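Here is a walk through one chain, written for someone who likes to check the numbers against the coordinates. Have the viewer open as you read.

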Amino acid sequence: MPARDKDKRRALTEEELNEIKNRLLLRKEELWKEIMEDIEEGAGEEHQNLVQLVRDHGDDALEELRESTLFSLIELKHQELQSIEQALNRIEKGAYGRCQSCGGWIQPARLQVMPHVVRCRNCQEKLEKTSSI
Ligand SMILES: [Zn+2]
């Protein structure tokens with residue numbers, strides 16, 4: 001396939017979409033495990049209640065952690081987890097693969113590298129230019 005074509009904007013095929021969905025689900029599981037480990041390792045005696053909270057309530061409890069020092073351990077992973085959740089949501093709603101800024105299709109090649117991106121390459125570049133000034 002010529003590089004030009006690979007970079008073309010188009011809707012994902014069902015097969016591509018399924019593959020991406022599976023990757024997102026796997027990554028979510030992996031991240032979740034890492035987050036639990038980080039919390040358990042980082043939590044001293046005084047935080048055991050938080051560990052239990054996260055075990056019992058999962059995602060919702062992570063929000064509660066925001067106020068605690070433990071949160072800094074998992075902040076980046078939590079962000080990634082949230083963007084994965086959002087991508088999965090968009091898949092469910094059939095909105096996955098559309099650019100949030102211009103509404104056009106995001107290049108499939110781009111989605112395969114970064115499945116949770118929300119903007120096409122052009123819009124992302126524009127955004128980066130304006131925010132770096
Ligand atoms: Zn765009």
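## Starting at Leu 17

If you skip the neighbours within four places in sequence, Leu 17 is in contact with Leu 12, Ile 91 and Tyr 96. Leu 17 belongs to helix α2. Is it buried or exposed, or something in between? Leu 17 counts as partly exposed, because it has 17 C-beta neighbours inside 10 Å and a buried residue needs 20 or more. Going back along the chain, Asp 7 is 10 residues away from Leu 17, and their C-alpha atoms are separated by 16 Å.

## The whole chain

Keep in mind that this is a predicted model. The mean pLDDT of the chain is 88, with 94% of the residues at 70 or more. Which elements sit at the two ends of the confidence range? Helix α1 (residues 3-6) has the lowest mean pLDDT of the elements, at 56, while α2 has the highest, at 94.

There are 7 helices and 0 strands, so the pattern along the sequence reads α-α-α-α-α-α-α. Along the principal axes, the C-alpha trace spans about 55 × 40 × 25 Å. Buried residues make up 14% of the 133 residues. Take the contacts between residues at least 6 apart in sequence: 54% of these join residues at least 24 apart.

## Helix α2

## Helix α5 and its kink

Helix α5 (residues 71-93) gets the same check: 23 residues at 1.5 Å each should span 33 Å, and the end C-alpha atoms are 30 Å apart, which agrees. Where is α5 kinked? The kink is centred on Lys 77 and amounts to about 35 degrees. After α5 comes Gly 94, with a positive phi near 75 degrees.

The buried residues in α5 are Ile 74, Ile 84 and Ala 87, and the buried residues of this helix pack against α2 (14-42). Glu 85 is also in α5, but it counts as partly exposed because it has 14 C-beta neighbours inside 10 Å. Glu 85 and Leu 25 are 60 residues apart in sequence, yet 9.0 Å apart in space, C-alpha to C-alpha. Gln 86, another α5 residue, counts as partly exposed too, with 13 C-beta neighbours inside 10 Å. Gln 86 and Val 118 are 32 residues apart in sequence and 9.4 Å apart from C-alpha to C-alpha.

## The nonpolar core

In soluble globular proteins, nonpolar side chains tend to be buried together. Which residues form the largest nonpolar core here? There are 8 of them: Ile 35, Ile 39, Ala 43, Val 54, Leu 62, Leu 65, Leu 70 and Ile 74. Two elements give two or more residues to this core, namely α2 and α4 (59-65).

Leaving aside the neighbours within four places in sequence, Ile 74 is in contact with Ile 35, Asp 38 and Ile 39.

Helix α3 (residues 48-57) is hardly covered, with a count of 1 buried residue among its 10. Just after α3, Gly 58 takes a positive phi of about 55 degrees.

Further along, Val 113 lies in helix α6 (residues 108-113). Is Val 113 buried or exposed? It is exposed, because 9 other C-beta atoms lie within 10 Å and the exposed class covers counts of 12 or fewer. Val 113 and Gln 79 are 34 residues apart along the chain, and their C-alpha atoms are separated by 18 Å.

Conventions:
Residues are numbered from 1 along each chain as its sequence is written. This is a predicted model: local features need pLDDT of at least 70, side-chain atom pairs count only at pLDDT 80 or more; totals for chains, interfaces and linings use all residues. Helices (H or I, at least four residues) and strands (E, at least two) are DSSP runs, numbered from the N terminus. The expected span of a helix is 1.5 Å times one less than its number of residues. The bend at a residue is the angle between axes fitted to the seven residues ending there and the seven starting there. Two residues are in contact if their C-beta atoms, placed from the backbone, lie within 7 Å. A nonpolar core is a set of buried Ala, Val, Leu, Ile, Met, Phe, Trp, Tyr and Cys residues joined through C-beta atoms within 7 Å. pLDDT is the predictor's confidence in each residue, from 0 to 100.
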